[in-house]
Amino acid sequence: MAEVPAVRIERLSKSFDGVEVLRDIDLTVNKGEVVSVLGSSGSGKSTLLRCINWLEQPDRGSIHIAGERIGASASGQAMKARELAAIRARTGMVFQSFNLWPHLTVLQNVMEAPVQVKKTPKAQAREAAQALLEKVGMEHKADAYPFTLSGGQKQRVAIARALAMSPEVMLFDEPTSALDPERVGEVLAVMKNLSAEGYTMIVVTHEMEFARAVSDQVVFLEKGILIEKAPPEKFFTQPETDRVRKFLELSR
Ligand code: ADP
Ligand code: MG
């Protein structure tokens, strides 16, 4: 029997003020896969990620995480806050703008959600947080406050923080777009390691080399429609649409 996919999205649609920004998106992400999401600004990439962790509520379609449908309880009733928190805990979101808590140290940032949401005992959460900071190469800054860190360091802490909830899928929304060019590599290296360790990841990115080297699938969104989906070799060398061919030419 085939393994249950980490994420299964079927016919997902979403409108804002009567304008459809996602239409009939189908996407399956198997456990341990990395899917890169490409597309120009405004094509719906962030909205897609935000639907997966229910920061936005889809209008139609379904999302399953590890085989469990999220967002619509069996009766189809609106979700309770507790259910919502449980969904959020199954996905780890990393934003372009880091969003670390400024009043907490690096270590406290990583411990916060396990302690507050999962009620993990503090000593255990601290130990886990230290291990995660090591994984992202930030253990030496455990007691520092976010304002003292570079963008690349902040983003690595944000990744550790997202990992702390043991999510079933990591969602990255342009994680390197706000960084100085010389800081991009250290964040991509951490993401590459996560992929090698078998984490399931959906990555919205403009880093073509990363997408090509690390992804199992590359998908392209155009005006809310998923117009191509292919393994990276095929996507980058034999795109099926003129739109993607053009996009690849312009991003070279
Ligand atoms: P991308 O991440 O690919 O740049 P987005 O998903 O952010 O695209 O946005 C897709 C479209 O939806 C854009 O036209 C954007 O203006 C619109 N949009 C996104 N979020 C909202 C919102 N909360 N309210 C209204 N319009 C939105
Ligand atoms: Mg976006």
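This is a predicted model: local features need pLDDT of at least 70, side-chain atom pairs count only at pLDDT 80 or more; totals for chains, interfaces and linings use all residues.
Phe-220 stands opposite Glu-228, a residue of S10. Strand S9 (residues 217-222) and S10 run antiparallel and are joined by 5 bridges. Helix H6 (residues 181-196) packs on the sheet, where it touches strand S3 (34-38), S7 and strand S8 (201-204). The direction of H6 makes about 155 degrees with that of S8.

Now for the sheet as a whole. It is open and built from 6 strands with mixed pairing, in the order S6-S7-S8-S3-S9-S10. At the edges sit S6 and strand S10 (225-230), each of which pairs on one side only. Leaving direction aside, neighbouring strands here are turned by 20 degrees against each other on average. Strands of a sheet pair through backbone hydrogen bonds, and they can do so either parallel or antiparallel. Another helix, H5, lies across S6 and strand S7 (169-173). Relative to S6, H5 runs at about 165 degrees.

A further antiparallel pairing involves strand S1 (residues 7-16) and strand S2 (residues 19-29), with 7 bridges between them. Within this pairing, Leu-12 stands opposite Ile-25 of S2. S1 and S2 form a hairpin with 2 residues between the strands, and Asp-17 takes a positive phi there, near 50 degrees.

Then there is the empty space. Rolling a probe the size of a water molecule over the atoms shows where such space is left. The largest pocket holds about 540 Å³. It is lined by 21 residues, and those closest to its centre are Arg-88, Thr-91, Trp-101, Ala-113 and Met-165. Sorted by class, the lining of this largest pocket comes out as 13 nonpolar, 5 polar and 3 charged residues.

Where does the lining of the largest pocket come from? At least two residues each are supplied by helix H2 (81-90), strand S6 (91-94), helix H3 (106-116) and helix H5 (151-163). S6 gives the most, with 4 residues. In terms of domains, at least three lining residues come from each of domain 1 (7-90 + 169-251) and domain 2 (105-166).

Note on methods: Residues are numbered from 1 along each chain as its sequence is written. Chains are lettered from A and ligands numbered from 1 in the order in which they are written. Side-chain values use heavy atoms; hydrogens and water are left out. On a 1 Å grid over the protein atoms alone, a cavity is a set of points where a 1.4 Å probe fits but cannot get out, and a pocket is an open set with protein on both sides within 12 Å along at least five of seven lines; lining residues have an atom within 4 Å of a point. Grid points are joined across faces, edges and corners, and a volume is the space filled by probe spheres set on the points. Ala, Val, Leu, Ile, Met, Phe, Trp, Tyr, Cys and Pro count as nonpolar, Asp, Glu, Lys and Arg as charged, and the others, Gly among them, as polar. Domain bounds come from an automatic or database domain assignment. Two strands pair if DSSP finds at least two bridges between them. Axes are lines fitted to C-alpha atoms, for helices over the stretch in contact, and angles run from 0 to 180 degrees between N-to-C directions. Contact means heavy atoms within 4.5 Å.
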